[in-house]
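Trainee: I have this one open for the first time. Can you walk me through it?

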Amino acid sequence: MPRLRLLLILFLLMICLPAMAERRGDYPPKPTTVQGWRKAAAEDLAAIHTLLKKNHPAMVVDKGGESFKAWIDKGYEQAKRQIPDIRGEWDYYFLITHYVGGFRDAHIRINRNAKYRYSDLQRWPGIILAYVDSHYVVRNVAPWLGERGPPVGAVLVTCDGYPVDALARARLDAYFDNLDLEGGRYRTAPLLLLDLGNTYAPLPRACWFKGQSGGRMYPLEYRAPPPENDLQAEINAAAGYGPAPPLGLSQPAPGLWWITLSSMAPSGENWNAFLAEIKAHLADIRAAHQVVIDLRANWGGSDLVPQRLASLLWGDDFFSSHQPASGRALYRVTPLVVGKYREMERQSAGVYAAATPETGSQMGMILQRALDHGKPSHTFMNGLGRTGDAIAPADPIAGQVILLTDYACVSACLDGVDMMLPMPNTILAGRDTGADTIFGSIIRTPLPSLRWSLYFSVNAAIDRCRGNNIPYRPLPGFRFRGDITDTAAVQAWVQHLPPTPADWGATGPGCPRSQPQPPHPPPSIIMD
């Protein structure tokens, strides 16, 4: 049977951290009985509940942890009641996944350990959907359906009497993504009618589609999927996944410079070459009519990457003058968290340890002292902004700066938007960004079954004015309606954008331009 690994594409790419590969080891054999899978689910659920309750900063912050605290026990009890319904591997998997997804935090995820599979695409009805302008729209129809399938462009209205939004909530929300966010609906739309083995979300049998010639009910005919590559490409295209372009600098038109920053976790060699190329053309970039910083397909990494780029483009003094003087980063202090940082001391944190005083050996020592004194948390001050009354230098960039984003932008990509959007004559364009919470810096710990590892945050940016799960949204005249992965089309569109409105108020809900974002806490690093 063809295998399509879909689940963790949606989950793990959202946090896009550089060390996703797991260490191989001696894993126990998979359970062979229903009782074995139920036992594994009970043990892993209990471990997730305990690990998060004892180590996640949401348990000790004064603000920003409300939804976490509301779900951690409620969701756990709900999941435990469903353990008797488990009949095999995929029931176990989807039960665990739903509990983790219920936190609605891009930085709380499970990752498969080596040799264990993700969920499989088992059957499909010959229909692939996309999310377009708040509707689930038919993007592709298999030729074998013929007249038995809806036309391309038809809008899905109901299935089995249920409105499409309710169907999506039941089948996709928390299992695959956060459907409270437009980006979550966009990324998961192609999966809505697919059979991925989730018995907690029964398959629809007949759906009402509305096309240009009217509405009609279509019975769904489920079949084995075609070869993996064919269908995977269709699903990726419908979800807006394109290959991430390499870091680079180009000039697609006179007066337009294009800076492709598709990762906040570049290799050292690529990063150095990228910066060297920008330095070589810095005078021309600063004099250009438009400068685009292309953040499409950027799933995050380290905050130091956008900070370094912005400091180069605007100059250290001017960039710092538009950043806050300081921001507080609260770290949870527990034996597990301290142990991870102490291990990082021994293994050397490389560039991270040398970059900020809150990482590497100093971080480990400070947290160890807090643990020795019985403190549940420790708060660091960190910031990019100037602290004195020095007069800010003039803006070295003459033209409009455009931050081009899509739904992939989360974690350190959002932190980069936080840093750069307050700069003068800078505007967001493209699509909505993704969204995250105030919690960052990821650690990993294996679950008892050793089939999965839990990833979660250990710090909180408690002064960040951008709230939990709030994306950035382009103004109406700056929103791209076409295929956001089509670089040529986007480059042509950008050249006709209007000037940046002089009074356009906010960089995000609650974050006026006159009050730039506090930076996120130190770089998100996975510590094994």
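Trainee: How do α10 and α15 lie relative to each other?
Mentor: They are roughly parallel, a label for angles under 35 degrees. Helix α10 (residues 304-314) packs against helix α15 (residues 412-420) at about 30 degrees, with the axes 9 Å apart. Axes are lines fitted to C-alpha atoms, over the stretch in contact for helices, and angles run from 0 to 180 degrees between N-to-C directions. Helices are DSSP runs (H or I, at least four residues) and strands are too (E, at least two), numbered from the N terminus.

Trainee: Which residues make the contact?
Mentor: From α10, Pro-306, Gln-307, Ala-310 and Trp-314; from α15, Ala-412, Gly-416, Met-419 and Met-420. Contact means heavy atoms within 4.5 Å.

Trainee: And where does the numbering come from?
Mentor: Residues count from 1 along each chain as its sequence is written. The model is predicted, with pLDDT of at least 70 needed for local features and 80 or more for side-chain atom pairs, while totals for chains, interfaces and linings use all residues, and side-chain values use heavy atoms, leaving out hydrogens and water.

Trainee: Strands now. What does β6 pair with?
Mentor: Strand β6 (residues 206-211) pairs with β4 (residues 155-159) in the antiparallel sense over four bridges. β6 also pairs with β7 (residues 214-219), again antiparallel, over six bridges. Pairing requires at least two DSSP bridges between two strands.

Trainee: How many residues sit between β6 and β7?
Mentor: Two, and the strands form a hairpin. Phe-209 has Arg-216 of β7 as its bridge partner.

Trainee: What stands opposite Thr-158?
Mentor: Trp-208, in β6.

Key:
Parallel < 35°, antiparallel > 145°, perpendicular 65-115°, else oblique.
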